[in-house]
Amino acid sequence: MSLTDHAAPDPVFDDIVHGEEPLVDALRDHTESADPHELDDSLDDHVRYAKLYDIQHWRNSTGRYLDDTTYGYDPETPPLTQEEFRALPSAAYHGVVAAMAGGLAGERIAFECSAALCSYAPDDNSRMFLATQVIDEARHVEVFTQRLKRLGCHDVDATLHKYVNPGMFAFHDKMRARVVDSRDFAGGIIGQNLALEGLALGFFEFNAALVKPVDPGTSRVLETVLLDERRHVGFGLVKLRELVDESPDKRAYVEDTVCELSENMMEIFEENADNMARLGIDPTEAMDRVNRYHAMHLRRLGLSDAGVAQSA
Ligand SMILES: [Fe+2]
Ligand SMILES: [Fe+2]
C-alpha cells in the first residue's frame, strides 16, 4: 500500500507501546482489526470510560505516548523532509501537507474551545477532563505545526489557507461564537468532542494507514494524536448522554445541535474527500469510516439517526 497505488489501508497501532489503559486499549482493540463495516458499539461504558477523570492516569498514559519522541515522532524514524519528498510523486507531498494542514486547523479549534469550556464547565469532573484536553490540544497544535515546518511550510497560516477547506474556518468562527461568546457548554461539547473530533477519527485513521509505507514518521504522529482523540470523543459521549438522561427537556436541543454541527463537519469532510480524489487517492474508505463513527456515536447517545444520518 502506498500513496500512489491506492490500495485499501488497514489501520494498525502495533508500533505504539501499550500498557494497561482501559479506554484507549479497548477502543483500539475494538476498531483496529477490521473494516469499517464491522465497527459496533458493544463495549460496556464502565470499560470504555473507566479512567476519564483520573489525572494520574492521564499523566501516565500520555507520558507513555510521548516519551522518547520529538514532536510526536520516533527520532530514529523522523518524518520525511520536503527534499526527501522530491523523489516521490508530487501528489504524495501535497497529500501529506493537506492532511497536516487540515489536522492543524481542527486542532486550533479544539485548543481554543477546550480552554474556554474548561473555564465555565458545570462540574469538577468536566473541568478536570477539559484541563487535560487543553494540554493535549496544545501538544497537537505543536506537533502538526512542527510537521508542516519540516515539510518546508514555514508560513503556517498561508499554508492553512492554501490547503484547508474554507468551511473549516467558518466552523471555527461558528464555534468561537457558540463557546466563547454564548458560553453554550452543551453546544460546545457537541461541536468539539462529537462533530469535530468524532468525525475526524475516520480521517485520522485513514491518513495514518495511508502514509505509513511512504512516511512512517508522519504516520506515528497521526497515531499518537489519534489515541488522545479517542479519549476526547469518549468524554463528549459520556457528558452528552448524562445531559440527555438527566434533563429530558434538553434532548431536543442536543438532537438539533448534533444534527446541525455534524452536517457542517460532514460537508467539510466530503469536500476533503473530493480533494483527495483529485490527488488520485480513493477516499471511499475514509468516508465510510467517518459515516460509521457518526452512526455509532448517535447510537451511543440514544439519538435517532434519521435526520443526521440522511444528511451524511
Ligand atoms: Fe487534538
Ligand atoms: Fe481532541
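Predicted model: local features only at pLDDT ≥ 70, side-chain atom pairs only at ≥ 80, totals over all residues.
Me: How do you know how H5 and H6 run relative to each other, parallel or antiparallel?
Reply: H5 and helix H6 (residues 124-150) pack at about 155 degrees, with their axes 8 Å apart. Anything over 145 counts as roughly antiparallel, so H5 and H6 are roughly antiparallel to each other. The crossing of H5 past H6 is left-handed, and the contact of H5 with H6 has 16 nonpolar, 5 polar and 5 charged residues.

Me: Why are H5 and H9 called roughly antiparallel?
Reply: The axes of helix H5 (residues 90-119) and helix H9 (residues 185-211) cross at roughly 155 degrees and come within 10 Å. The cut-off is over 145, therefore H5 and H9 are roughly antiparallel to each other. Here too, H5 passes H9 in a left-handed crossing.

Me: Which residues meet where H5 touches H9?
Reply: From H5, the residues include Val96, Ala99, Gly106, Ile109 and Leu117. Among their partners in H9 are Phe185, Gly188, Ile189, Leu196 and Val211. By class, the residues of the contact of H5 with H9 divide into 11 nonpolar, 5 polar and 1 charged.

Me: What makes H9 roughly antiparallel to H10?
Reply: H9 and helix H10 (residues 216-246) pack at an angle of about 150 degrees, and their axes are 8 Å apart. With the limit at over 145, that makes H9 roughly antiparallel to H10. H9 goes past H10 in a left-handed crossing. The contact of H9 with H10 brings in 16 nonpolar, 7 polar and 6 charged residues.

Me: Why is Asp157 called exposed?
Reply: Asp157 has 7 other C-beta atoms within 10 Å, and a residue with 12 or fewer counts as exposed, so Asp157 is exposed. Asp157 is in helix H7 (residues 156-163). Its C-alpha atom is 9.5 Å from that of Ala105, 52 residues apart along the chain.

Me: What makes Tyr71 partly exposed?
Reply: Tyr71 has 19 other C-beta atoms within 10 Å. Buried needs 20 or more and exposed 12 or fewer, so Tyr71 is partly exposed. Tyr71 is in the loop between helix H3 (55-66) and helix H4 (82-85), and has a positive phi of about 50 degrees although it is not a glycine.

Me: And how do you know that Arg183 is partly exposed?
Reply: For Arg183 there are 13 other C-beta atoms within 10 Å.

Me: How many of the residues count as buried over the chain?
Reply: Of the 312 residues, 46% count as buried. Among contacts between residues at least 6 apart in sequence, 79% join residues at least 24 apart.

Me: Where does pLDDT stay under 50?
Reply: Over residues 6-41 the pLDDT stays under 50, and the model has 58 contacts for them beyond four places in sequence. Residues 307-312 are also below 50, with 12 contacts in the model beyond near neighbours in sequence. For the chain, the mean pLDDT is 83, and 81% of residues reach 70 or more.

Note on methods
Residues numbered from 1 in each chain as written. Chains lettered and ligands numbered in written order. Axes fitted to C-alpha atoms, helices over the stretch in contact; angles between N-to-C directions. Helix = DSSP H or I, 4+ residues; strand = E, 2+ residues; numbered from the N terminus. Parallel < 35°, antiparallel > 145°, perpendicular 65-115°, else oblique. Left-handed = near helix turned anticlockwise from the far one by under 90°. Contact = placed C-beta atoms within 7 Å. Nonpolar A, V, L, I, M, F, W, Y, C, P; charged D, E, K, R; others polar. pLDDT = per-residue confidence, 0-100.
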